[in-house]
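Open the structure in your viewer and keep the selection tool at hand. Each stop below says what to select and what to look for.

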Amino acid sequence: MNETSFRYNFFQSFLDKKLKKYDGVDFATKQKVRIFYPICIAGIISLLFLIGTSVFIQFSNNLQSLYLPVLVAEVTLLIIFITCIRLLIKGFFDISSHLFIFSANVCGWFAMFLSRGSIITSTDTIVLILAVINIIPLFISKNHWTIFVYIIANIIVLIIFTFRIKNQFNLESAEIIDFITDVSIALFFIGISGYQLLKINDRILNKVESDYNKRLNAENKLAENELKYTSIFENAQIGIYQTTPEGAILQANPAMLKLQGLKSFDEVAHKNIEEVDVFISKNRDEFREKIEKDGYVKDFESTWVKRNGEFIIVRENARAIRNEKGETLYYEGFIVNITKRKLAEKALKESELKYSELFNNAQIGIFQTMPSGEIIKANPALVKMLGYESVKELVGLNLLKNNFFVNKDRSDFESLMQKQGYVKDFESEWRKKNGEIITIKENSRTVSDDKGNRLFLEGFIENITERKKIERALKENEEKYRLLMENMNDIVMLVDNNDVVLFVNKRFSEKLGYSESEIIGKIGYEILIDPEDREKIIEANRRRKSNISNQYEARFIAKDGTKFDFLISGAPVKDPEGNVIGSIGNMIDITERKVAEEKLKKSQQLFQTLAHTSPVGIFRTRADGYITYVNPKWMEISGLQFEEALGNGWLKAVHPDDKKNLQINWELKSAKGEDSSMEYRFIKPDGSVVWVLGNAVPEIVDDKIQGYIGTVTDITEKKKIEEELAKYREHLEFLVKERTEELETTNEELSSTNEELHSQREELQITLKNLQNAQKQLIQAEKMASLGVLASGVAHEINNPLNFIRGGAFGLEDYLQENLTDHLDHVQIFIDSINEGVERAATIVTSLNHYSHKDESKITECNIHDIIDNCLNILGNQIRDIISIEKNYTNKNFLLKCNEGKMHQAILNIITNALQSIEGKGDIKIRTKARNKQLQIQITDNGCGISEENLSKIFDPFFTTKDPGKGTGLGLSITYNIIEEHNGNIKINSELYSGTTVTITLPIISK
């Protein structure tokens, strides 16, 4: 770039920066502005030069001082020109240009009028005026006649000026006229030529501007088209490509690459479309033949293979781009993946087939009728519902004219149809072919054309005659439920999550004296609960918000100040989404029971005091002889500690020679429920022997023996005296013996006979004991069989009312949804409670059925995991919210053959023992493993465990470590026998306070 070009570009850049305000104006104005700006600069420079010249001239004429009027005019004009530049830069071109011209003319004439020099100095300024007039056409854009205004004004001022200087310079009239004429003609010609130049300039500018705008628009449109094409090409959702006739890929947009599973165009650029492994098409020859023949292909479908091997169906539109000679330059086209649409079309056909099957096989009536009522379509279900033989017999009949409606007034139906175009759950009575009247529920809509004209009606009809009967029965049940709630002896309260009372039954007011208006809407515990129990209520309600049911005791204060103790059973109330919205509580008055318990507590304390200070040993047992209490005196006599004496541990203190007689005596007396009394010996840990007299009497409650209370009295001294007397008797017997030796021979013979009899007696005793054990097992088996029959009967009898309750609940909910929607939210919590109760009861009934299926001889294929789950269902009430059950079942296939009823009994006994060994919350883990043709079942708890000394006795009949009344000691014995019957074994590992693990091993057959 040369220096001149650089300067020009620099100047243009400078102008662009200074004249930013004119970026949006038309082309002509922008050019005028760019010309006017340097003229203003030139005017300012010229004025600076003119001011300097004026000062020089005045000093050259030997003036004593400067002639200020001329200088003031020139300085004023300089200021105006500077103002013009500022106005021009700010965007006021018209104001700036006219101010420049007008001020230049005014100041020029002002200087001429005030000049005091020669005629030359007085008239030379007119040349400047002529120069200013010459630039007028450059700036006038709208009103071209403005140039003549400036010309005429200058001629008028010229005439005035000429006559003013006539006398000053002694000019002749002819000179004046000649001067005025010459200057006026010059000004006039300047005006005419300026006017014509202005018009020519406007035409040229308009042409240039038009050409410029056309070129600019063309460039903009070209840029827009290029941008649009690029945007379309890059962002199109369909594939776009260009290829040579030989198949070389020239272009492929991102959608095309994505369609084929490619990451970039580089993978296929300039490669042959038939050689790239992702553009395989079996009918490509057909495509090439068609496009060469017709110049295009339209909706050409083919199957392509993606890089990952997936087949896709595409639709292709392409054309051949040819030159003037008709030679094909390249192909360009569009690819659309229509795989989903093809699949959708296939699915649509299947859907239409399904619709046809649904229409013909639907269990509810489907119809189409004309607005006049004529039936044009009906499915078999509707035909059957209305009692006709075939669709053909029903189609063509008119619902209105053929008396289908019992109530012929269909105004409500038509009103809804006209208003909203459909009816929903519209109930009415229809008449069947045989005259029978049925109640139906109808859902219909109007099918209209594009203009809104009704074409036909279509809808669904459901026969709800039976449901209506059920609804009537449900209303009766609702009334019964209301009467039950109002007349039940227990108090029922319903509160929300903020403990605000929502409902109380009639018994509440009768018991506590508050009316409904006095308690509903209030926070119940603030009014009713004793301050000592309020935290208990708040905590219970908090737990129910966490969906936890609970039971607890609390003291209520009646309106008259009377205090009542209640046993409260609380349960959460949920909305249809399962969110807890409140709680319901059932309260039973236990005030009298609490008083009785307090008396019992005092009685027990008195017993403890008397027993503690008694001079004789006192013990207490369960009905099976299991020791539950011994007093200090008993421990002193026996030498055992309290824990050692509990259960069957007291037998450790009994002399070995006395244990058998003591057991026989106990069995005889306990079997008859009689008092027992016997002398026997204790052996203390230090080896000393103490003789005691034991007495026991049965503890009878409600005519049933609950246990025994007894005493032991130290009779050691008495026995010593008796031994002394025995010694004297022995001495006496020695004397007698000498006299009876002659009888010994006879006695020996008798003794031999007695020994034989004694041996037979022992055999009989063993046989008797075995018979007694067998009898006990038979009794237990009979009890379990009776329990199974009872469970089966109870399950069967409960199933029927459960079905009625479930059906009633569903009917009630459906009725409320259809007729009483506003009441549904208030009643939903009761419906949910009913459904939840039915589901729980059904689960328990199912488990009872499994438990009751006891065939003592039948061996079948069993699912041990179902047996375990059924046992857990039976014990669900004991497990819920207290015991955590962890199940880890094997996923191996195996075949187990067993007696399902007996196996239920065995597993149930083990899990029951595990539950009873846990105090409070705890964990039970159940695990199964199948290996080496054996199934291993492990049941582990973290309960109290079993001591080492009791571990070897746990399978003995009647042996138990439980408290009185909590076990018979036969559960594990029966379980042991059941596992042995199935050729298995059972093993128990336990440590005191460290939990217990029961391992059952059974033979299996691998599948």
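This is a predicted model: local features need pLDDT of at least 70, side-chain atom pairs count only at pLDDT 80 or more; totals for chains, interfaces and linings use all residues.

Residues are numbered from 1 along each chain as its sequence is written, and side-chain values use heavy atoms, with hydrogens and water left out.

**Stop one: H27 and H29**

Select residues 864-874, helix H27, and residues 900-916, helix H29. Helices here are DSSP runs of H or I with at least four residues, strands are E runs of at least two, and both are numbered from the N terminus. The axes of H27 and H29 come within 9 Å and cross at roughly 55°. That makes H27 oblique to H29. Axes are lines fitted to C-alpha atoms, for helices over the stretch in contact, and angles run from 0 to 180 degrees between N-to-C directions. Angles under 35 degrees count as roughly parallel, over 145 as roughly antiparallel, 65 to 115 as roughly perpendicular and the rest as oblique.

Now show the side chains. Ile864, Ile867, Ile868, Asn870, Cys871, Leu872 and Ile874 in H27 meet Glu900, Met903, His904, Ile907, Leu908 and Ile911 in H29. Contact means heavy atoms within 4.5 Å. By class, this contact of H27 with H29 has ten nonpolar, two polar and one charged residues. Ala, Val, Leu, Ile, Met, Phe, Trp, Tyr, Cys and Pro count as nonpolar, Asp, Glu, Lys and Arg as charged, and the others, Gly among them, as polar.

**Stop two: H29 and H31**

Among the contact residues are Met903, Ala906 and Ile910 of H29, and Leu972, Ile974 and Ile978 of H31. The contact of H29 with H31 has seven nonpolar, five polar and two charged residues.

**Stop three: the largest cavity**

The structure holds four cavities of 30 Å³ or more. On a 1 Å grid over the protein atoms alone, a cavity is a set of points where a 1.4 Å probe fits but cannot get out, and lining residues have an atom within 4 Å of a point. A volume is the space filled by probe spheres set on the points, which are joined across faces, edges and corners.

The largest cavity has a volume of about 210 Å³. Select Met493, Val495, Ile537, Asn541 and Arg544, the closest to its centre of the 17 lining residues. Next, colour strand E16, 580-589. E16 gives the most to this lining, with four residues.

How values were computed:
On a 1 Å grid over the protein atoms alone, a cavity is a set of points where a 1.4 Å probe fits but cannot get out, and a pocket is an open set with protein on both sides within 12 Å along at least five of seven lines; lining residues have an atom within 4 Å of a point.
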